[in-house]
Amino acid sequence: MTPTVRRCPQACHRLRALVALVLLACAGPALAVHIDGHIDPGEWRGAKHITDFRKVQPLNGEPGSLPTEAWVLSTPKGLAIAFRCTQPPGVPRTRQRIRRDENAQVDRVNLMIDFNGDGRTGYDFTVTLSNDIDDGVITNETTFNNDWDGNWKHAVSEDAQGWSVEMLIPWYIAPMKAADGGERTVHMYLDRVIGATGERDAWPVASFTKARFLSDFTPVTLPAYNQPLLAITPYVVGVRDQVAGRNHGNAGADIFWKPNGQTQLTATINPDFGQVESDDLVVNFGAEETFFTDKRPFFTENQGIFDFSLLIDNSQLIYTRRVGGPSDDGNGAADVAGAVKLNGSVGATQYGVLAAQESGDAGRTFGALRVEHDFGTQALGLLATRVDRPFLDRQANVIGIDHRWQPNDKLTVTSNVVGSHIDEQGHLVTGMGATSVVEYEMNERWTQQWLAMHFDDRLDINDFGYLPRNSLNYLHWEVQRRYSNLPADSRYASHRWRFRIIGIDDDRGVKLERQLRIIRQSQLRDGGEEDIQLNLNTPAYDDLLTRGHGVLRTPAIHVLDWQRTSPRKGDWAWKSELAAAGSDFAGMRRVGYEVMFEPTYFFSDELSFFGGPDYKYQPGWLVWQHDNLIGSFDSHSVLLDAGVNWNISGHQELRVKLQALGLDARLRGAYRVMPDTRAVRTNDPVNDFSVRNLGFQVRYRYELAPLSDLYVVYARGGYLLDPRFEEAGSQFRQSFDLRDSEQLLVKLSYRFEL
């Protein structure tokens, strides 16, 4: 939607604003809100009016440098929100277009809301000055997941003195607790970001850089409405496989039913798992599995209740990429026959049920039950999962109990206990784990955090969940210090320093890590960000490298990493990274490095090109061969990440994404890991090797209606592990010849709301 520009003298604008304030203060029923971006005082009569927006980026609580107003109104069709952002001609406006859920430093407003007011799940709705949107789910106080896409209305208008936004969030967008006496109390957070400086002004004063964010939202009591919905989204997809020389098609449907405010049912029949979203290239020779996010609509809709993190990296009891992942018989990805999900609440108790079935003799059956109860200052939850894998004669049962305690506004204690029970071919294995994190906001400047976790060596949640490793005992203590009132002539607007001491052992008492970590996260006055991290490690041991064939003593390795992002200034934006790290084998006697620079050029607000190299030198890189044999390699890699983003119109977009990688690895020595943890040189044959990898996608999208799209996607990719040495630059150039897969995909989906 192209913003409408209205020219008005400053005095006229002030008079109009004064009249609006008087009319909005008058009692009386409001007219139906028409979402067009123009704040009509008659439509917003009776709305809650908010003017006390204060700085939270930098986090000093001072009044915002530019006035911001908001109105909140409950209507039968949804929660209506309006923003008026004063931005006179002297303050640059960033009208850069973004694709949905893209993170970019542009002028924007945010509505974040916890419909149940219990601090468990929140929803984030963002509208930019160019009327582009971002939406996502908030869990664990500060964890944002933008995989979810909701159906809501928004519009923007612009004039000489500022810009205005209107939103309408339907009541069916999320399950909610039953209203009390015709009223609903939600917890809300509103903010406005000035793209040119990065300043964020919010109501209330809350920040996702603090340990507690979702729980700091302000309660707002509104008239309650109920909005049922039945939506059916059928799809058809056709694929031309250029490598196999064949065509195939598929069809299915997603079903969404909300009969009342407390219950939602989501189902999918023969779900579409065609690749319209491409994963980033990953070359992983390590022992830990790579984690990928999930954009499939069924698994993002109302998924927040199933969030059960073990508080380390991307750990989850439910990792939805397992469903439809590599099949147990090794014949590619599994086909999913169908899945169903039920979410709801009874009083202060919320529940969720999830079931999915793969087709074929090797098809797996997935099931999950989630229950949460809010006790006010405490919350208690349970998540139980079961996976039946008939091809492996394996049944995996996992149960987890999580607890959160917030006795006051400074202290938060989050804990969980998890147990697994695996029966494979009559052999039973049980395991357990537990995690607890204590976060104490001493004051506005200082925060402390203590984290402890224990996973025994038999804990296994990876049939349905994701855990990078078990056999782990982890402790850390962290203290944070914020600097939010820096001198006006400083190029920095704020700093956040974090000092962390980490100790990690495996379940047999082997020392895996002793580390001092120092991080400085800075916001610059040009709207950019700068992060610096220093890791100082003592000598330790690696118990995963040989996959169970021995523990290797490792030297002291220190890491220094610097990252900088600069938002668009004129026609250019850029991001860069410099890193230096010791060798896996030689420690700080041999230091590797990584250099990345990626500029973006804007031909216009709608059309941009980005691209840049990432070069890495890794000396003494240890790669497992078999049993207790490892190789030490000197490696170079060249990665190109490039693309084109073209927002053709409000309903059309064209994206081109290219990633090409070349890597070489020259053998410096072969070693056997001895029982005394030493690496002893051997003459066993170990070869140099090289890798090339390619991912290329051209994607056209036409939005027919909200959550209804036509996609035309061309994708090509390949991977080759070459058992000989060839320089990374040569492998990079040859990566463009890879053609393991080449497809043309056409997908049409349309959402019918009944």
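**View 1. Thr677 in its loop.** Thr677 sits in the loop that joins S38 to strand S39 (679-682); helices (H or I, at least four residues) and strands (E, at least two) are DSSP runs, numbered from the N terminus. Its phi is near 80°, a positive value in a residue other than glycine. Is Thr677 buried or exposed? With 17% relative accessibility, Thr677 counts as buried, where buried means under 20% relative accessible area, exposed over 50% and partly exposed in between (1.4 Å probe, protein chains only).

A word on the model: this is a predicted model, in which local features need pLDDT of at least 70 and side-chain atom pairs count only at pLDDT 80 or more, while totals for chains, interfaces and linings use all residues. Residues are numbered from 1 along each chain as its sequence is written, and side-chain values use heavy atoms, with hydrogens and water left out.

**View 2. Asp101, a residue with positive phi.** Asp101 is not a glycine, yet its phi is positive, at about 70°. Look for Asp101 in the loop between strand S6 (78-86) and strand S7 (108-114). Asp101 is buried, with a relative accessible area of 14%.

**View 3. Two cis peptide bonds.** The bond from Gln57 to Pro58 is cis, with omega near 5°, and Pro58 belongs to the loop between strand S3 (54-57) and strand S4 (59-63). The bond from Trp203 to Pro204 is cis too, with omega near 0°. Pro204 lies in the loop between strand S14 (200-203) and strand S15 (218-223).

View 4. Strand S26 (residues 446-455) and strand S27 (residues 472-483) pair in the antiparallel sense over 10 bridges; two strands pair if DSSP finds at least two bridges between them. Trp446 stands opposite Arg481 in S27. S27 also pairs with strand S28 (residues 492-505), again antiparallel, over 11 bridges. Here Asn473 has Asp505 in S28 as its bridge partner.

**View 5. The second largest pocket.** This pocket is lined by 41 residues, and Asn151, Trp152, Lys153, His154 and Pro706 lie nearest its centre. Elements giving two or more residues to the lining are strands S5 (68-75), S11 (153-159), S38 (652-673) and S40 (689-705). A pocket, on a 1 Å grid over the protein atoms alone, is an open set of points where a 1.4 Å probe fits, with protein on both sides within 12 Å along at least five of seven lines; lining residues have an atom within 4 Å of a point.
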